[in-house]
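Open the model in your viewer and keep the selection panel at hand. Each stop below says what to select and what is there.

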Amino acid sequence: DQGWGDTGCNGLKRIPTAALDAMAAAGLRFDRFYAAHPSCTPTRASVLTGRHPNRMGAFWPGMPLRKEEMTIAQSVKRVGYTTAHFGKWHMSGGAPGKGRALEASDPLHPGHFGFDEWFTVSNWFDTDWTFSRKGEPVKVPGDGSDAIVAEALKFIEKNAKEDKPFLALVWFGSPHVPLKPTPEDLAAAGGSAFYGEMVGVDHAMGTLRAGLRKLGIADNTMLWFNSDNGAWVDEKSTPDAYGSNGGLHGHKGQLWEGGIRVPGLLEWPARIRQPRSTAVRVSTSDIYPTIVDLLKIR
């Protein structure tokens, strides 16, 4: 639920977003980046499939992803990539609500869609959460955003040391109601629970960026960041309580700009050598075909 206005590079003043702003300052900032849908499951499914929700059938939050879909994980495995998913999944269907650790018996867990490793929950998560490591429950203390990045870096380090190409999907559950940041992040956000969760996301992204540099692979790693829909409530009714859409009309759940235009960043030092921005209209559905094209997968 991170809105268009919820990064410093898009005008946010409430809190610093140092890691995301550093990505924007070093790489490509999309000024017209759009979620494929104004809610989570359809947008995330569009990343996985490269298809619009109206074509791949995940029309609304919690709808299952059809097993016949070909995912980005399955595609890159064809050219030798190891794949993993970390964090929010929300592709298995079922009742809405807080994320639970997916069982190994779940017929729609990430392993069925091409992911070799997965450290996953069914929906949103906050602090002190229980995740599923390929079907085995693992409780992790502290911020859930830190937890999934720590797991992702273990996966990345293993593949980097073995000189294997990898695809890692790190899918945050924050910011999202019921908004339960750590006490430290809440204090850093001046008491705002929403921005406390954003502090956690930005900190986790900083850890991820630093980890790639420590491993010596940052230059040749394509790092994407984007939100899955706009902020929940129009900032005119409850200013800053649930994020900012930067003055755009509408909010999460609506097809106005405020519901679908979201922060979009791409960092890839070996190929994007000078920071720049683009007004070209880009969608989450474009990530899959872009990667397939770059890897010459046919």
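Select Glu157 first: this residue is partly exposed, with a relative accessible area of 31%. The model is a predicted one. An α-helix has 3.6 residues a turn, so residues three or four places apart point the same way.

**From α5 to α7**

Keep α5 on screen and show α7. How do α5 and α7 pack? Their axes are 9 Å apart, at an angle of about 15 degrees. Angles under 35 degrees count as roughly parallel, so α5 is roughly parallel to α7. The crossing of α5 past α7 is right-handed.

Next, show the side chains at this contact. From α5, pick Ser145, Asp146, Val149, Leu153 and Ile156. On the α7 side they meet Gly200, Val201, His203, Ala204, Thr207, Leu208, Gly211 and Leu212. Colour the contact by class: there are 7 nonpolar, 5 polar and 1 charged residues.

**Along α7 to a strand**

Select Arg213 and Glu267. Their side chains meet in a salt bridge, 2.8 Å from N to O. Arg213 belongs to helix α7 (residues 193–214) and Glu267 to strand β9 (residues 264–267), so the pair ties together parts that are 54 residues apart in sequence. Glu267 counts as buried, at 3% relative accessibility.

**A salt-bridge network**

Move to Arg66 and Glu69. A salt bridge joins their side chains, at 3.0 Å from N to O. Arg66 is partly exposed at 34% relative accessible area, while Glu69 is buried at 6%. Now extend the selection to Arg51 and Glu68. Arg51, Arg66, Glu68 and Glu69 are linked in a network of salt bridges. For the model, the count of salt bridges comes to 17.

Jump to Val140, in strand β6 (residues 136–143). Val140 has a relative accessible area of 18%. The cut-off for buried is under 20%, so Val140 is buried. What does Val140 touch, leaving aside residues up to four places away in sequence? Show Phe119, Asp128, Trp129, Phe131 and Ala147. Then draw a distance from Val140 to Asp128. Their C-alpha atoms are 5.5 Å apart in space, and the two residues are 12 apart in sequence.

**Last stop: α2**

Select helix α2 (residues 40–49). How many of its residues are buried? The count is 10 of 10, so α2 is mostly covered. Show the side chains and step through the buried residues: Cys40, Thr41, Pro42, Thr43, Arg44, Ala45, Ser46, Val47, Leu48 and Thr49.

Now bring up the cover. The elements over the buried residues of α2 include the helices α3 (53–56), α4 (72–77) and α9 (287–294). The strands β3 (82–88) and β7 (166–171) are also among them.

Methods:
Residues numbered from 1 in each chain as written. Predicted model: local features only at pLDDT ≥ 70, side-chain atom pairs only at ≥ 80, totals over all residues. Heavy atoms only, no water. Salt bridge = Lys/Arg side-chain N within 4 Å of Asp/Glu carboxyl O. Buried < 20%, exposed > 50% of the residue type's maximum accessible area, 1.4 Å probe, protein only. Helix = DSSP H or I, 4+ residues; strand = E, 2+ residues; numbered from the N terminus. Axes fitted to C-alpha atoms, helices over the stretch in contact; angles between N-to-C directions. Parallel < 35°, antiparallel > 145°, perpendicular 65-115°, else oblique. Left-handed = near helix turned anticlockwise from the far one by under 90°. Contact = heavy atoms within 4.5 Å. Nonpolar A, V, L, I, M, F, W, Y, C, P; charged D, E, K, R; others polar.
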